[in-house]
Amino acid sequence: MITTQPPHRTRVAVALVLLALFAASPAVVGAQTDPGSAREAREHYEIAAGPLAPALRALASRAGILLTYSSEQTTGKTTPGLSGDFSDREALNALLVGTGLYAERLENGGYVLRDNADSVTRTLAPVAVTANQLGQITEGTDSYTTGAMATATRLVLTPRETPQSFSVVTRQEMNDFNLTNIDEVMAHTPGVNIVTYDSERTEYYARGFAIQNFQYDGIPMTRNSAYSAGNTLSDMAIYDRVEVLKGATGLLTGSGDPGATLNLIRKKPTYDFQGHLTGGAGSWDNYRGELDVSGPLNDSGSVRGRAVAAYQDRHSHLDRYQRQTSVFYGVVEIDLFPDTLLTLGADYQDNEPEGSTWGGIPIYDTQGHFNDRSRSFNNGADWSHWDQYTRTVFATLEHYFENNWVTKLQLNHQINGYDAALGAAASGNPDPADGSGVGLWLGQYVGKTRSNAADLYASGPFDLFGRRHELVVGGSVSKRIWTNKGYGAPAGYTGSVPDYYEWRGDIPEPDWELNGKDREVIEENGVYATARFSLRDDLTLITGGRLANYQSEDVEESDVPVPYLGLVYDLNHQVAVYGSYTGIFKPQSERDESGTTLDPVEGINYEAGVKVGLFDDRLNASAAYFRLEQDNYAEATGGLTPGGDTAYRALDGVETKGYELELSGRLTDRWELHAGYTHKVARLDGEKVDTLAPENQFTLFTTYDLSGRLAGLTLGGGARWLDKTWGDVTYPPSGTTRHTVDDYWVVDAMARYRFNDRLSATLNVNNLLDEEYYTIFSWYSTYTWGEPRSVNLSATWRF
């Protein structure tokens, strides 16, 4: 459904706040609002004849009404236009002449478009949402699901129309469970598990594979997990939702991960004035503040802006560790013409930790016993830190043509940087007799990745054989330049830890000496096309592909075909079955023991399933079976490259199979739910690989609004269960051994009390039962404890 929303009259205050935030930093951002009441006053309208959708947006903006409709209702339809003074209802009726639609007035004062021939009785009121070329904005919907997305194909499709599995963590779910960073969002995402390297680095896995592909408003950026620079520390204050597309995504990204791609969708400006101020405090002196302001910047509402600022001072259960995070974001939308939208924006984030860990805790001592350290143990030196930052500026230009085609140009410039001086008691294994045997990892690294990307595409309907179809044709280019300086400790600096069990991090920082410099340039470009053919009223075929080009110092691939094929069959208006076939293409930087770079990973992702949309798609369910076949899969050999890095060998015929179940959305008007179960197994010649990711995992998070019985109270909770994992690690008595991590449950709880329409308070308890659990990173032969029970209390004032 698409909703257009009205401008508010309070614009001076918005402008002042936006200007103040811009002056403090490059910041402003987007969103969604509560519906305002429709006005009976007459307004003067001058709306030209032409496509119906932009005319409706212009009317809703001018009239100050909430107007809800679906893209299917307006596709291919035109309006005679409008000129003169009209009331809201008169103006809508005039615009809808000849379209077969009429406007139904709602109790909240807004309107919903109905088909004159539609006699279906709705069981629930229409969902008030806003959609754009990125899909449905979830803010303000109070929902745990989305009505539309475009991450898979650039086509804006409902979940039931998309022939691929995906999960969405919405703005409402983030608000309810205080998900303020991307790690917390991933913990709520079905089918995704987190492996912790150290205090500033995590890795996400889906279907058994590490996720390195991040997108921001659909623009791909590849993360280098070894030199982490902000991606997995992303603050959620500036985002409307996070979409996780499962399986291969090479159609739009070129090179892509076979497990999943994360798409972080920024908030957007609103047509009326709104904002909120949130403050919170939690366990271990964790303090956070957030300000978000949005609205029109001129009388007509043709210029809209949004600003977001957040600051967090987060101490930790780890001894001597804390991190300060500052976030600023700003975005402006300008209606250059009724059919042309220009968006300009910037975001900024700094993460400044103290007492950073590097690596984890050695799994075994020298006698082969589990090295059981406290959950508060910090292997980092007092001066150890891994600062990370991001700087982004972006622009989009969209134009809607009279034939319902749209062209969109996206430009993105992003800097991901780091400044790390690291010292950690992480090398070797402790002797339980006297604590000897452990040395220091030492290093200083200063670097950044500068990424420039552009994407241009055209999308719209076309007629063929008496039926209406859709087409997307586009191309993209990107260039990433990574530079790095590495420093080491000077000769004579003591690198041993006298007694590991008495480690407190109180060692002097070395006078670093430059060891070397790195520079890497990666260029990608390609053209793509996607067509959605309506073969019958109940059968659609989505077919497309990409010709991908990739060039780095060690790899050059040209005109690599990346196919995409999907088929969706509607059993009825609520249930559809689907199948899809997508190509896998991913160049890699891993080297073998001779120093030769491995060939790109190539393969195929097969998927089949069923999707169900209930209550006007406010509750979505899916079940999917998937199979991935890969060649040139990198597996660590246990040896080293000539440069001293971990060496790998390429494996052919790695096969991953599994299934996923997911349910998200609204069970009743007061009950929200997001749950999922995933099973996967990856094998090569019958032997299991990718064992750091669990074969089975389950998540469930839910809230219930008790306002009908206990006014203003919402209660919620959730749990995630991860099956056992294992890996081959260093075992001092005999070389190596297989270490298994037991399965575990983590339970969370929340309660919110709404004092009135403006003020609310939320209590969140994470790891309610104080479960002791850890993850391992077998390449380092280390483990990291999960966070103990924590409590956070926050209050939000909306204006």
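Two strands are said to pair if DSSP finds at least two bridges between them, and strands (E, at least two residues), like helices (H or I, at least four), are DSSP runs numbered from the N terminus. The structure is a predicted model, in which local features need pLDDT of at least 70 and side-chain atom pairs count only at pLDDT 80 or more, while totals for chains, interfaces and linings use all residues. Residues are numbered from 1 along each chain as its sequence is written, and side-chain values use heavy atoms, with hydrogens and water left out.

**Strand pairing**

Strands β19 and β20 form a hairpin with 3 residues between them, and Trp284 in the turn has a positive phi of about 60°. The two strands, β19 at residues 274–282 and β20 at residues 286–296, pair in the antiparallel sense over 9 bridges, and Ser294 in β20 is the bridge partner of Gln274. Strand β19 is also joined by 7 bridges to β49 (residues 790–798), again in an antiparallel arrangement, with Trp797 in β49 as the bridge partner of Leu277.

**Nonpolar cores**

A nonpolar core is a set of buried Ala, Val, Leu, Ile, Met, Phe, Trp, Tyr and Cys residues joined through side-chain atoms within 4.5 Å, where buried means under 20% relative accessible area, exposed over 50% and partly exposed in between (1.4 Å probe, protein chains only). The largest such core has 34 residues, of which Val185, Met186 and Leu264 touch the most other members. Among the elements that each supply at least two residues of this core are α6 (182–187), β18 (260–266) and β22 (322–337). A second, separate core of 22 residues includes Phe377, Ala425, Phe777 and Trp785.

**Salt bridges**

A salt bridge is counted when a side-chain nitrogen of Lys or Arg lies within 4 Å of a carboxyl oxygen of Asp or Glu, and by this rule the count comes to 42.

| Pair | N to O distance |
|---|---|
| Arg160 and Asp570 | 3.5 Å |
| Glu502 and Arg504 | 3.7 Å |
| Arg670 and Asp705 | 4.0 Å |

The pair of Arg160, in the loop between β10 (135–137) and β11 (166–169), and Asp570, in strand β32 (residues 556–570), links distant parts of the chain, 410 residues apart. Arg160 counts as buried because its relative accessible area is 16%, whereas Asp570, at 23% relative accessibility, is partly exposed. Arg504 is also partly exposed, with a relative accessible area of 46%. Beyond these pairs, Glu139, Lys267, Asp292 and Arg306 are linked in a network of salt bridges.
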